[in-house]
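Hi,

Here is the structure I said I'd pass along.

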Amino acid sequence: MSYDKPLPVIDHDSAPYWDAAREGRLDIPLCDDCGKHHFYPRAVCPHCFSDKLTFDTVSGRGTVHTFTIATRPAGPAFADDVPYVVALIDLEEGPRMMSRVKTDDPYGVNIGDKVEVIFVKATDEVTFPYFKLAV
Amino acid sequence: MKNGRDPVIVGVADAPLEGGRFVKQASVLGHCALVAKEALEEAGLSMKDVDGLLTTGMWGVPGPGQLTTVTLGEYLGIMPMFVDGTNIGGSAFEAHVAHAAMALRAGYCEVALIVYGSDQKSLRSRTLGGRAAVLNMQHETPYGMPTPVGGYAMAARRHMHEYGTTSENLAEIAVATRKWAQLNPAATRQDDLSIDDVMNSTMISDPLHLLDCCLVTDGAGAIVMTTAERAKDLKTTPVSVKGYGESHSHWAVSEMPDLAHLLPAAKAGKRAMEMAGVTHSDIDVTQIYDSFTITVLLSLEALGFCKPGEGGAFVSGQRTAPGGEFALNTSGGGLSALHPGMFGMFLLIEATRQLRGDCGARQVKDAETALVHGTGGTLSSGATVILQKGLMA
């Protein structure tokens, strides 16, 4: 089955993150100097500008900070998904990331809902970290 | 006159539209040239006088892409000695006014031309979502984020969550802006609009409806700036640039520092007002970028016209409509007049015309001081300009 939605153009900063996702882990950079995580992955820490960074497997648990329900798709490739929830997730470890909340009831999602990561395979190269409401 | 090198606006022009499309037939560069010529002629200047060129846009050429000042300079047949192609989104032209003001004060140029043109409506080319998901966008585009409306929708939902702001509050802005458009013969949308119409319009990116979103039109505009000394011999009523500020915080929406508060607007607005030596009560007419209704509400709060969370109350009861207490977006704004991709140019043109007293049925009586605030990207950048009728005392 071909995948016709946009795919990430993976680069040197992000390759370990996407490699981990493909293996079912959420790995994000942790700064060896200031001890803070960040997202999206960069070559220097946005908190203290250190370049001593290690990818760290995080819990995959977080909270919905805000979201939109796309009722008009972001291009024809997403037409079959409508309505779908694109959300900003605050990870337990601190960073905020964009993802999908996968749910059969988009209108049942609320700010503050607890979520946990799931992994959705797109292609042999790319698996996306999505989130589902925590039970 | 305080200083002969005080920066002033001496010419403005915008291209006529019909149904949101250019009336005249020209390329996008041609439309830039036509409005530039008109703005210069209004002041009694010619292209030969221009030694500063500032432009940006969504068009580009093969290879380098957006070398906009170089390409436009060639088309106009000029070799400027000061150039600025700053692109921070739709607020770029407020930043261009700031940069031209600094160059004029420093003696780095004498006549600065700021130009913008877009034929997006005629070309049907508004397809930002179709670009490859590179760099920071690899972490947003693949999730089907509607661009740019999705980020504004996320901010609106967060503001609703924190402060109880409602869709009805946002609709007040769209309706008041339409009433201004009905007084502007050049505005694209003239039909009556009610709060129910806005709230019942198609949901695009929940909680934002179709009529919370700006228009998609063509458009071209130009501004000519020079020094107070030079302006004394020109044909138009000069409008002084008294203060300015600019900032930006993020491109990826996940990196927006605070989804319910516009930090770049707060920084830019504070600096501009302090530089100008004005307070909120000095402002007679306000032009705020209205890409979406929520953009206006967040900007009003960040600029200090009301406290955080009070934006909904501030715009309620049609307070910003003609005859209301707060004259806002008097051309009909991006929501109802025109929105050719980067609207900040047209906020400045309308403010200048208001201060000259050129606005006919929509003229704000005795308008002497204007605040113009642009927003660009997905609530990414903010740039503020304070304008005053006449030369600075």
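**What I found**

Chain A has 1 helix and 7 strands (DSSP runs, H or I of at least four residues for helices and E of at least two for strands, numbered from the N terminus). Read from the N terminus, the order is α-β-β-β-β-β-β-β.

Before going on: this is a predicted model, where local features need pLDDT of at least 70, side-chain atom pairs count only at pLDDT 80 or more, and totals for chains, interfaces and linings use all residues. Residues are numbered from 1 along each chain as its sequence is written, with chains lettered from A and ligands numbered from 1 in the order in which they are written.

On overall shape, the C-alpha atoms of chain A fill a box of roughly 45 × 35 × 25 Å along the principal axes. Buried residues (20 or more other C-beta atoms within 10 Å of their own, C-beta placed from the backbone) make up 31% of its 135 residues.

Now the interface. Chain B puts 30 residues into the contact and chain A 31 (in contact means C-beta atoms, placed from the backbone, within 7 Å). On the chain B side, α5 (149-163) and β7 (203-206) each supply at least two residues, and α5(B) gives the most, with 6. That side divides into 14 nonpolar, 12 polar and 4 charged residues (Ala, Val, Leu, Ile, Met, Phe, Trp, Tyr, Cys and Pro are nonpolar; Asp, Glu, Lys and Arg charged; the others, Gly among them, polar).

Within β7(B), B:Asp206 is the bridge partner of A:Ile69.

Cheers

Definitions and conventions: Two residues are in contact if their C-beta atoms, placed from the backbone, lie within 7 Å. Two strands pair if DSSP finds at least two bridges between them. A residue is buried if 20 or more other C-beta atoms lie within 10 Å of its own, exposed if 12 or fewer, and partly exposed in between; C-beta atoms are placed from the backbone.
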